[in-house]
Amino acid sequence: MKITVIGLGYLGATHAVAMAELGHEVIGIEPDDKKRSALESGKLPFFEPGLDKALVDVIEKGRITFKADHDENSKNAELHFICVGTPQKQGSNAADTKYLFAAIESLAPYLSEDAVVVGKSTVPVGTAAELKKALSEKTDFDPKLAWNPEFLREGTALEDSLRPDRIVIGTEDSFAEAKIREVYKPITDAEETPVLITDIPTAELVKAAANSFLATKISFINAMAEIAEVSGADTVKLAEAIGMDDRIGKLFLRNGIGFGGGCLPKDIRGLMARAEELGVGHAVGFLEEVDQINLRRRKRVVELAQAELGELKNKKIAILGATFKPDSDDLRDSPALDIALELERLGAIVFVHDPVAVPHLKENQKTLNADENLETVLEDAELTILGTEWRQYKNLDPSKLSVANKTIIDGRNVLDRNAWEAAGWKMIALGRG
Ligand code: UGA
């Protein structure tokens, strides 16, 4: 099928490549010259394992082209996927939907009557209806608009796109449903992926609800960690025990410095804001606490550092990992980076190591001493903090590390306590009283 993918950020670039991998003819629309020319030359503007190779592959096969804006070619597309960002508004919890309206506006002149506009961005429930209204004002026919949320995770984005747990299609139009089913047919045939047809508001809400549930699970276990820390209980064992109940499930119960990134924090706040606008803010009032528990975990690490070192001024602290999760170079709302900046603000000399984010840190966080050399980061450190659970940190041999003071805070509960203690380290693990 011929399709356009509008907005080539994390979601759009992955979706565009995934659709081309499935054999579709994809036009990627991205006005940002830097991003677009990187993609054109087969380079990803972000780090995502496996996606770079797939991009080169679909370019070589001639299945994908990149444009700054629509042109006559867009008129032949059967589906237009809208994948633009919906960041948190400055000074508010609400999501900013202006890029969606801009996308609709530039698409309208090139939209044919039998094409379907498919929203994939995470939006406040009710946005699709407003977009449809805006689109109707710019076309002389009744435009078809459906919602098809995306559940991909950074670090496993392509795999999640090609082998999703489910495909949710929000539409009450059988033509639109058939077209969207057709585009995903290679996935649903091969993987027997369930397809769930819903109305549009449900499809919009599914995504916000899923991310809010995941965030709640993480904050629940981090709330238990707060209790464990003052009662001598072990949150890791506790999570294992409750997770063995299939009704609870073991995933997303890893306690530590909490969730970050461009999605979970923004999406719980966006849902709170939208519920408030709809007059039912109380229904998700608990999400405010989910947010606060999450932010308290970052403070806890700073307090532990102060308890260990006393006055932080001029004390060297080594931070292992800056990104919000491993296998990603995303620093947005990263708990590890937030902790590094707060320690620095309190006067510590902070050295940061990260397998992929050092160039970005050097450019954008000049005061932090970001370095690709782990020895340099650890040398003379009076405290070490593991902030992101990159594989190479889990595999470190603690007996071979040279620091001034062998104390480590494991912010992700991934290090082998016995091995580190046997090598003479004092290990402080969150939630393990
Ligand atoms: C999240 C969702 O998991 C995806 O399904 C969704 O499509 C995506 O947001 C989105 O809205 O686009 P992502 O932000 O890539 O994906 O990251 P997650 O794997 O969900 O992790 C989020 C944060 O939670 C990370 O900082 C991670 O370290 C933390 N986390 C995760 C924990 O602290 N404990 C856990 O047990 C799991």
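Into which domains is the chain divided? The chain splits into domain 1 (2-198) and domain 2 (200-433), with bounds that come from an automatic or database domain assignment. The model is predicted, so to speak of local features a pLDDT of at least 70 is needed, side-chain atom pairs count only at pLDDT 80 or more, and totals for chains, interfaces and linings use all residues. Residues are numbered from 1 along each chain as its sequence is written, and side-chain values use heavy atoms, with hydrogens and water left out.

Taken over C-alpha atoms, the centres of domain 1 and domain 2 are 32 Å apart. To the contact (heavy atoms within 4.5 Å), domain 1 brings 32 residues and domain 2 brings 26 residues. About 2,400 Å² is buried between domain 1 and domain 2, and carbon and sulfur atoms give 60% of this area. Buried area here is the accessible area (1.4 Å probe) that two parts lose on being put together, summed over both. On the side of domain 1, Phe47, Val125 and Glu154 lose the most area to domain 2, together 29% of what that side buries.
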